[in-house]
Structure formats: structure tokens, C-alpha cells
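Subject: Structure handover

Hi,

Here is the structure I promised to pass on. Please open it alongside this email, and then read the notes below.

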Amino acid sequence: FAKTFVAVVTAQIVATVSLNLMFVVVWQQGIWGILYSTLIVQAILAVALTVGILWVNHARPAIHHLRHLLAFGLPLVPSVVTLQLSNYLNPLMIRWCVIGDPISVLAQVGLFSAGQKIGVVVNRFVTVPFNAFWRPRRMELAMQDGPEVRKILARICTYSTLVSAQVALLISVSVEDGLRLCVDERYWSAYQVVPLIAMAYVVLGLEHHFSTGMYRSRRTIWATWIGLISLLTMVVANIVLLPRTGMVGAAFSSLLAISLRVGMIYAVSQKAYSIPFEIKRLVILGIAAVALYSMSQWVYIDATEM
């Protein structure tokens with residue numbers, strides 16, 4: 001399979017470069033040509049690999065299982081879409097709802113986008129890699145059931161949240177000085193939204209743990225309604241806060257919507273499959289992180305005097 005993998009990757013690169021040259025150089029399609037060539041290559045590759053894998057493993061479609069898989073998986077699609085929309089809607093709503101000079105409003109859009117990219121580090125480098133291996137293991141344990149299993153699930157939730165909170169706190173404390181060292185002064189104000197966005201991603205990380213009961217009981221239809229409600233909450237909060245607080249209001253709206261989303265998932269999942277999550281310890285962890293960040297803002301060190 002190693003040779004097959006190398007052959008597939010090589011073919012993908014050659015096909016992509018060739019189509020890029022055709023669309024961009026020959027047919028003068030510009031940036032759209034790159035998008036077209038990528039879409040064509042990825043679509044062909046997906047179909048070819050799917051057919052090849054099914055053929056090698058002698059797999060045949062099972063309508064009975066497919067029906068169950070669709071009933072479980074389709075309600076999760078709107079939930080994921082609403083979560084992604086919340087990321088893209090915030091900059092647009094800043095543009096629409098913030099009152100002021102158009103140039104300064106667009107500057108806030110750019111600053112918010114920069115701060116969002118910094119805050120998302122918590123999700124990209126902590127939550128996502130951890131859940132890549134823990135998610136299937138978590139469901140495997142949940143299907144076994146038992147009081148000890150539930151305690152393990154709860155304790156892992158606490159420890160993983162502790163790690164993500166530490167990373168978020170480190171980023172929030174150091175981001176202002178980091179921006180002053182690394183980027184143009186026009187982007188320094190982006191630090192204002194980073195703590196709220198980083199905190200939002202820490203809270204979002206709890207969703208993977210809290211949703212265990214909902215997945216185990218196959219009540220994924222709730223995910224659709226929860227996603228819609230949280231997205232609507234973010235939009236309403238932005239409409240109220242953005243004219244008064246600007247891009248900081250957008251960051252707070254994200255935190256509010258994600259907290260509501262995670263809270264509703266927790267309520268639904270606990271009714272279906274109760275896990276003794278250490279809520280008290282999680283609350284103390286959140287308070288401690290906020291307190292440490294607040295204390296860091298009171299300390300000022302003048303590097304010129306060192």
C-alpha cells in the first residue's frame with residue numbers, strides 16, 4: 001500500500017499542476033482557475049479511491065445499515081454548518097452593524113479576523129488533535145457502560161479542559177506583546193478579542209465530551225435545533241452589542257452562543273446517558289483562568305528599564 005500511496009499523491013500533484021497551468025495560463029481564468037482545477041482533481045481522486053477501496057475489500061452497499069447511518073449522521077450536518085457559519089458571520093456583521101467611518105469599520109473587520117486566527121490556535125493545536133484519538137475511544141468506552149467507565153469519561157473531560165485552558169491563558173497573556181514584536185502596529189489592537197475567542201474555543205472543546213450521551217442514544221436530531229438556536233443567539237447578540245462595543249462585542253457574542261450551545265448539549269446528553277462530569281472543578285478552573293488573566297493585566301514591565 002505504500003507504493004500505491006506514493007503513486008496516488010504523485011498523480012494528484014501532477015494533475016493539479018497541469019490543470020493549474022491550463023486554467024491560469026492557457027484559459028486565463030485567474031484565481032478561479034486554481035479553484036476549478038483543485039475541485040476537479042479532488043473530485044476525481046475521491047471517486048477513484050472510493051471505488052478502489054470498495055473493490056479491494058469486496059464491500060457491497062447495505063441499504064439497511066445505510067438507513068441507520070443516515071438517520072444518525074444527517075442531523076449532525078446542520079449543526080456543523082451553523083458552527084462554521086458563526087465563524088464567517090461575525091466579520092460580516094461587524095461590517096453591517098458597526099456605526100462609523102467605513103474605513104475604520106473595515107479596519108475592525110481585519111483586526112477581528114486577525115484575533116480570531118490567533119484564538120483558534122486553542123482548537124487547532126489542542127482540541128482537534130486530542131479528539132482525533134479520544135473521540136472513537138470515548139464512544140467505545142461509553143458503549144461498554146458501567147460506573148467506572150463514566151468516571152473515566154468525566155475525569156478525561158476535566159484534564160483535557162485543563163490543558164486547553166492553560167494554552168488559552170498563555171496565548172491571552174502573551175498576545176499583546178507578541179503582536180508588538182511580530183506585526184505592524186496597525187494590527188496591535190487585535191489582542192482585545194483574543195482572550196474572548198480563546199475562551200470560546202475552550203468552552204467549545206467541552207462539546208465533544210458533553211455530547212457523548214446524545215451520540216450514544218442516537219438523539220442527534222437535537223444537534224440540529226441546538227445549532228440553529230445558538231446561531232440565532234449569536235446574530236441577535238451581535239445586533240445588540242456591535243453598535244456599542246464594536247469587534248469586542250462580536251467576540252463576546254461568539255462566547256455567549258457557544259456557551260449556550262454547549263449547555264444545551266449537556267442538558268440533552270445527561271438525560272439520555274448521565275455522566276458525572278466534574279462541573280464544580282470545571283467552574284473553578286474557569287474562574288481561576290479569568291482571575292489569572294485579570295491579574296496579568298495589572299502587571300506592567302517596562303522593557304527599557306531592564
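Is C97 buried or exposed? C97 is buried, because its relative accessible area is 18% and the cut-off for buried is under 20%. Keep in mind that this is a predicted model.

C182 is another cysteine to look at. It counts as exposed, at 64% relative accessibility. A disulfide is a covalent bond between the sulfur atoms of two cysteines. The structure holds zero disulfides.

The largest pocket

Next, find the largest pocket. It holds about 940 Å³ of space. Its lining is made up of 44 residues. Start at L83, Q84, N87, N123 and L204, which lie nearest the centre of the pocket.

Which helix gives the largest share of the lining? That is α4, with eleven residues. Several helices supply at least two lining residues each, including α4 (76-97), α5 (102-119), α8 (194-210) and α10 (221-245). By class, the lining has 23 nonpolar, 15 polar and six charged residues.

Aromatic pairs

The structure holds nine aromatic pairs. One of them joins Y266 and F277. Their ring centres are 6.2 Å apart, and their planes meet at 55°, so the pair is tilted. This pair links distant parts of the chain. Y266 sits in helix α11, while F277 is in the loop between α11 and α12 (279-298), eleven residues apart.

How accessible are the two partners? F277 is buried, with a relative accessible area of 9%. Y266 is partly exposed, with a value of 25%.

Look also at F23, W27, W32 and Y36. Ring pairs link these four residues into a cluster.

Two positive phi angles

Where is Q28? Look in the loop between α1 (2-26) and α2 (31-56). Q28 has a positive phi of about 55°, although it is not a glycine. Q28 is also exposed, because its relative accessible area is 62% and the cut-off for exposed is over 50%.

D145 also has a positive phi, near 65°, and is a residue other than glycine. Find D145 in the loop between α6 (121-144) and α7 (147-182). D145 is partly exposed, with a relative accessible area of 28%.

Best wishes

Definitions and conventions:
Residues numbered from 1 in each chain as written. Predicted model: local features only at pLDDT ≥ 70, side-chain atom pairs only at ≥ 80, totals over all residues. Heavy atoms only, no water. Helix = DSSP H or I, 4+ residues; strand = E, 2+ residues; numbered from the N terminus. Buried < 20%, exposed > 50% of the residue type's maximum accessible area, 1.4 Å probe, protein only. Disulfide = S-S within 2.5 Å. 1 Å grid on protein atoms, 1.4 Å probe; cavity = no way out; pocket = protein on both sides within 12 Å on 5 of 7 lines; lining within 4 Å. Points joined across faces, edges and corners; volume = space filled by probe spheres on them. Nonpolar A, V, L, I, M, F, W, Y, C, P; charged D, E, K, R; others polar. Phe/Tyr/Trp six-rings, centres within 6.5 Å; stacked < 30°, edge-to-face > 60°.
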